[in-house]
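Open the model in your viewer and keep the selection tool at hand. The stops below are meant to be taken in order.

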Amino acid sequence: MLFRLLKPALFALDSETGHRLAIKGLKALPLRAPMPVPGALGVEVAGLSFPNPVGVAAGFDKDAEVPDALLGLGFGFTEVGSITPLPQAGNPQPRLFRLVEDGAVINRMGFNNAGAEAALERIRARAGRTGIVGVNIGANKDSDDRIADYAVMARLMAPFSSYLCVNVSSPNTPGLRALQDEGALAGLIDAVIAARDDVSGIDSPPPIFLKVAPDLEPADIDAIARIALDRRLGALVVSNTTISRPALRSHHAGEIGGLSGEPLRELAQQRLRDFRKATGGAIPLVGVGGIATAEHAWERIRAGASLVQLYSAMVYEGPGLGARIVKGLERLMRRDGFASIAEAVGTE
């Protein structure tokens, strides 16, 4: 209700200012406890018990400012970042655009964040609190050794994260997607695993998730699947924004950057199916891209996603969308005769 009242004022502002105000608003909310232990909506992925399968995608809370506020709104988990070792300003503004007519967003943010030190202070401060908070890690744009950057981030964040998500799929850092090539990706994942395992005093090292692009050829999908299986990754996050451009109505359609929201939904759904087939269902999948309703989330789960994440739809529907989708998923699960969400994964 509050978001609906504020939406016209927020949309009168440029997209990035509106987003910053949304983060400030979440900071001002009284903290509520996250969802209790999992019931029928609960899902176990990579040894973690998620109270429900609906999470917040990386990019919304870049600097780990409001993870507990988001969990208190009913999300089953949240993923902060992308966070890089050193602070960086990102690309020149404007760099975030609402495509209202298309229910979409284009961004070319460029991993803007306040850096590892600032985020680590906040993440460390919530140690001991309940709720699953993943950390999405990236490399600085001007780094001479990007693999070393990921290793640094893994070492820093491993003691305080529920899981680590390696992001090599943003289209807004030049050359980053080249790390999805088989040889480069194998070396990167090995370095991240070694750095995580090098941290002492962790009883259970956090699992490693890998976030991939939707703009992949069949050979790329097969190569990534082989690496994920061989390295026993915790999950694949499918997918990031797309550089492709379906027919769009908005006057922002020609902006450079990654496209997300409704126009990405069909492509992201197909890419999820592709990874389900390539992995034989042996690696959990996190479905992202164009999910705006419980029906969309249910389709992604039936196609093979154990978890789903939202971002762009929250721009249009507000942060209360997660709780509405959770409620709708329970109804859809019962309608189709499943006793749990886990039973429904991959049953289309």
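The tour goes through a helix pair and then a sheet.

This is a predicted model.

**Stop 1: the helix pair**

Select residues 218-230, which are helix α7, and residues 265-279, which are helix α8. Their axes come within 9 Å and cross at roughly 55°. An angle of 65 to 115 degrees would count as roughly perpendicular and one under 35 degrees as roughly parallel; α7 and α8 are therefore oblique to each other. Which hand does the crossing of α7 and α8 have? It is right-handed.

**Stop 2: the contact between the helices**

Keep both helices and show side chains. On α7, pick I221, D222, I224, A225 and L229. On α8, pick R271, D274, F275, A278 and T279. These residues make the contact between the two helices. Colour the selection by class: the contact of α7 with α8 has 6 nonpolar residues, 1 polar residue and 3 charged residues.

**Stop 3: the sheet**

Clear the selection and turn to the strands. An open sheet of 3 strands runs in the order β5-β6-β11, with antiparallel pairing. Which strands are at the edges? They are β5, at 96-99, and β11, at 258-261, and each pairs on one side only. From one strand to the next, the twist averages 20°.

**Stop 4**

Now select residues 104-107, strand β6, together with β11. The two pair in the antiparallel sense over 4 bridges. To finish, pick A104 and look across to β11, where the bridge partner of A104 is G261.

Notes: Residues numbered from 1 in each chain as written. Predicted model: local features only at pLDDT ≥ 70, side-chain atom pairs only at ≥ 80, totals over all residues. Heavy atoms only, no water. Axes fitted to C-alpha atoms, helices over the stretch in contact; angles between N-to-C directions. Parallel < 35°, antiparallel > 145°, perpendicular 65-115°, else oblique. Left-handed = near helix turned anticlockwise from the far one by under 90°. Contact = heavy atoms within 4.5 Å. Nonpolar A, V, L, I, M, F, W, Y, C, P; charged D, E, K, R; others polar. Pairing = 2+ DSSP bridges.
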